[in-house]
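Please look at the structure below before reading on.

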Amino acid sequence: MLQKYTGVVLHSLKYSDKQNIVHIYTEQEGRMSFLVPVQRSRKSTVRLVLFQPLSIVEFEADVRPKSGLHPIKEAKAWYLFQSLPYDPYKSAIALFIAEFLYRALKEESENRALFGYLVNSIQWLDACDGSFANFHLVFLMRLSRFLGLFPNVEGYTDGAFFDLLNACFVPSQPYHGMFVRPQEAAAIRNLIRMNYDTMHLFSMNRMERNRCLDIINQYYRLHLPDFPELKSLPVLQELF
């Protein structure tokens with residue numbers, strides 16, 4: 001049955017000489033997988049170029065209840081990028097976030113609040129003129145709310161440790177080895193307080209930014225089953 005969707009592209013890979021598999025987080029049904037034909041002519045109703053990482057597309061697919069792969073029949077851009085594909089720094093962030101979401105988002109059910117967060121974040125990054133070096137850090141911290149992983153900040157005091165395993169700040173060093181020492185814990189608390197409009201007020205050098213990204217990545221790997229090492233992580237750390 002033909003159904004209409006709006007979605008954020010997470011990942012694509014070659015399936016055959018004629019088709020690619022594209023994983024999309026849809027507004028209507030969460031994460032889904034689709035078959036996209038490899039474009040053979042200019043008259044094609046589905047162009048593969050539409051399905052780049054973090055592209056927002058609207059499309060019509062032939063949804064088959066007993067199949068995990070649904071052929072896309074028509075597609076067009078829901079949002080036209082102004083800068084994201086053309087700015088090397090923004091593109092690197094987009095590749096990293098798309099890979100992260102591809103590994104982290106497993107739910108196959110409607111979550112319009114999460115979908116709205118993804119769309120608003122992508123549009124903000126695309127439209128901003130500068131001061132976005134901390135974007136990926138703030139994005140990941142705020143994403144944790146939608147995944148039920150947001151840290152408990154109520155126990156924070158100066159000199160507190162951040163317990164990665166129990167997702168909270170504690171006054172003394174935990175007995176297990178999964179924790180962040182006070183100076184870095186303070187940086188994590190600052191990240192939790194940031195949003196896209198205020199993040200430029202919190203200055204971080206390259207080493208501090210990369211360390212925060214390592215901590216956030218470790219945190220997600222502790223709390224999400226089978227979360228792998230990300231191939232795009234070293235590229236992003238090299239740029240920022």
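## Helices H4 and H5

H4 and H5 are roughly perpendicular to each other, a label for angles of 65 to 115 degrees, while angles under 35 degrees count as roughly parallel, over 145 as roughly antiparallel and the rest as oblique. Helix H4 covers residues 182–193 and helix H5 covers residues 206–223; they pack at an angle of about 80°, with their axes 11 Å apart. Axes are lines fitted to C-alpha atoms, for helices over the stretch in contact, and angles run from 0 to 180 degrees between N-to-C directions. On the H4 side the contact is made by Glu 184, Ala 187, Ile 188 and Leu 191, and on the H5 side by Arg 211, Cys 212, Ile 215 and Ile 216. Contact means heavy atoms within 4.5 Å. These residues divide into 6 nonpolar, no polar and 2 charged; Ala, Val, Leu, Ile, Met, Phe, Trp, Tyr, Cys and Pro count as nonpolar, Asp, Glu, Lys and Arg as charged, and the others, Gly among them, as polar.

The model is predicted: local features need pLDDT of at least 70, side-chain atom pairs count only at pLDDT 80 or more, and totals for chains, interfaces and linings use all residues. Residues are numbered from 1 along each chain as its sequence is written, and side-chain values use heavy atoms, with hydrogens and water left out. Helices (H or I, at least four residues) and strands (E, at least two) are DSSP runs, numbered from the N terminus.

## Helices H3 and H5

The axes of helix H3 (residues 135–146) and H5 come within 10 Å and cross at roughly 25°. H3 is therefore roughly parallel to H5.

From H3, the residues His 136, Leu 137, Leu 140, Met 141, Leu 143 and Ser 144 meet Arg 209, Cys 212, Leu 213, Ile 216 and Tyr 220 of H5. This contact has 8 nonpolar, 2 polar and 1 charged residues.

## The barrel

In the order S1-S2-S3-S5-S4, 5 strands close into a barrel with mixed pairing. Two strands pair if DSSP finds at least two bridges between them. Neighbouring strands of this sheet are turned by 55° against each other on average, direction ignored. Strand S1 (residues 2–14) and strand S2 (residues 19–26) run antiparallel and are joined by 7 bridges. Val 8 stands opposite Tyr 25 in S2.

Helix H1 (residues 88–104) packs on the sheet, where H1 touches S1, S2 and strand S3 (30–37), and its direction makes about 110° with that of S1. Helix H2 (residues 112–127) also packs on the sheet, touching S1, S2 and strand S4 (56–62), with its direction at about 60° to that of S1.

## His 70

His 70 lies in strand S5 (residues 70–77). His 70 counts as buried at 7% relative accessibility, where buried means under 20% relative accessible area, exposed over 50% and partly exposed in between (1.4 Å probe, protein chains only).

Not counting residues up to four places away in sequence, His 70 touches Met 32, Ser 33, Phe 34, Leu 35, Asp 62, Val 63 and Arg 64. His 70 and Phe 34 are 36 residues apart in sequence, yet 4.6 Å apart in space, C-alpha to C-alpha.

## Positive phi in two loops

Leu 54 is not a glycine, but has a positive phi of about 70°. Leu 54 is placed in the loop between S3 and S4 and is buried, with a relative accessible area of 2%.

Ala 167 also has a positive phi, of about 55°, although it is not a glycine. The loop holding Ala 167 lies between strand S6 (161–163) and strand S7 (168–170). Ala 167 is buried, with a relative accessible area of 12%.
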